[in-house]
Amino acid sequence: MAQDAGRGSGAPRRKVSTLPANFSGAALTRLGEQASQRAEQVNGELAALTYGALVRQLVVDYEDPGEVNVQLERLGYNIGLRLADDFLARSGAPPCRRFVETSEVIARVAFRMYLGVSARVASVAEDGSAYSVVFEENPLADFVEMPTALRDQLWFSNLLCGAIRGALEMVQYVVSVSFVRDVLRGDAYNEIRVALREQRYERAPPDEEL
Amino acid sequence: MDSTLSATTEGTPLLLPPGRSSSADAAMVDAGRSSAAGTALLPPYKLAALQRRPPDLHLSAFALLFAECIAYAQNRVLSVAELEYKLQQLGVDVGRRLLALVCLRERQVRRETRLLPVLRFITSTVWRYLFRKVADSLERVKDKNNEYMIVENDPLFTKYISVPSDLGDLNCNAFLAGMVMGMLCSSGFACVVQAHHVPRTDGAAYPPRTVLSIQFDPAVVQREVQMS
């Protein structure tokens, strides 16, 4: 990662958005399926209704859909912080050395493992600093009818965006994550855009004796 | 605010486009109106959601989601009793909608009208749907004809939740209690359900046993007596 930072704006030796061999789609998909089979599962419909009750409570409490989006993202962020450790412990996914590698791991392994959803990566930026996670099925939004007043302002599953942001922050990537397309708004599929803002480097704490 | 979550309501017939198998919705489709009309009242992704079950969620993901629900409620209340009440209300929200969904999934076409059968419905059918096992026991409180208890030895929701001592005897299964309350009230059995911690019989501290105590309205008990 230090080498990437030092590369500057000259022509890179290889395109940054390509992935090494052990990040092949098939291998990661298999990893995701195995991880989800090993796990104890909770009825997806119960989860959908629980999440829906939570969103409904937020809408009643905050009334402004923009504020509800912010709160959902914050709740997701708290979840993501803890989910990162859980994911690394359970999934056996290969470590990501560059930001663009997190895209395949999140889409193929994490989404499959936690939500049971097969997602894929799309629209990777040229310099590997942003990508989209695309998925058709969203188990959290299964029984939802959005009222017209909220339809174009509320991102119902914004918790997922927060979770991705929190999880990536635990591995030192500061990102901004947002929904671009949502099936509940009438789009054909769901799309979450993840963009890298800053990469942090872990430092040893300063030695206080010196 | 009207952010409605709707499973299919009992009164609405689903007109499925021709060629769709309606085995899962046999209870809901009005047999008299066949799919000759060919129009779907619901958009395709919703029909799909009703016809097949969504994928299961990983326990960690659900546990963290539940923990966030509790944390959110905790930030908005001033006492433990209020927190339990908020969790219970969240559960009632879920339970009211869960009833129709369980009936759809478990092919339960008849609504129970008597007290013991509806309690058995909850402890076996609903529990099996939620937790893939039946409740550990259903008991009636001695000397009281309107109080029943559902005992759960290892409740799934609170598997990873530990309550700090300054929150007293908060039981986060208030959410589960709310769900049961929502289902019973929607079935026509007005009641109040609360969750209590109960010490285990073998003396071990973990996993903690929970008892859902159900107190039925006197009117319900009276109706039950009249019907028998």
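A cavity is taken here as a set of points, on a 1 Å grid over the protein atoms alone, where a 1.4 Å probe fits but cannot get out, and lining residues have an atom within 4 Å of a point. Grid points are joined across faces, edges and corners, and a volume is the space filled by probe spheres set on the points. The model is predicted, so that local features need pLDDT of at least 70 and side-chain atom pairs count only at pLDDT 80 or more, while totals for chains, interfaces and linings use all residues. Residues are numbered from 1 along each chain as its sequence is written, chains are lettered from A and ligands numbered from 1 in the order in which they are written, and side-chain values use heavy atoms, with hydrogens and water left out.

One cavity of 30 Å³ or more was found. The largest cavity holds about 70 Å³ of space. Its lining consists of A:Leu54, A:Gln57 and A:Asp61 together with B:Cys69, B:Tyr72, B:Ala73, B:Arg76, B:Lys86 and B:Leu90. At least two lining residues each are supplied by helix H3 (44–62) of chain A and by helices H2 (59–74) and H3 of chain B; helices are DSSP runs (H or I, at least four residues) numbered from the N terminus. By class, five lining residues are nonpolar, one is polar and three are charged (Ala, Val, Leu, Ile, Met, Phe, Trp, Tyr, Cys and Pro count as nonpolar, Asp, Glu, Lys and Arg as charged, and the others, Gly among them, as polar).

Two of the cavity-lining residues, B:Arg76 and A:Asp61, also form a salt bridge with an N to O distance of 3.4 Å. A salt bridge requires a side-chain nitrogen of Lys or Arg within 4 Å of a carboxyl oxygen of Asp or Glu. Between chain B and chain A the count is five salt bridges, and over all chains it is 19. The interface brings 43 residues of chain B into contact with 45 residues of chain A (heavy atoms within 4.5 Å). About 4700 Å² is buried between the chains, with carbon and sulfur atoms giving 63%; this buried area is the accessible area (1.4 Å probe) lost on putting the two parts together, summed over both.

A network of salt bridges links A:Arg56, B:Asp93, B:Arg96 and B:Arg97. A:Asp86 is buried at 15% relative accessible area, whereas A:Arg90 is partly exposed at 37%.

The largest pocket contains about 730 Å³ of space, a pocket being an open set with protein on both sides within 12 Å along at least five of seven lines. Among its 34 lining residues, A:Ala84, A:Phe87, A:Ile106, A:Ala110 and A:Ala167 are the closest to its centre. Two or more lining residues come from each of H4, helix H5 (99–115) and helix H7 (158–170) of chain A and H2 of chain B. H5(A) gives the largest share, seven residues. The pocket lining comprises 29 nonpolar, three polar and two charged residues.

Key: Buried < 20%, exposed > 50% of the residue type's maximum accessible area, 1.4 Å probe, protein only.
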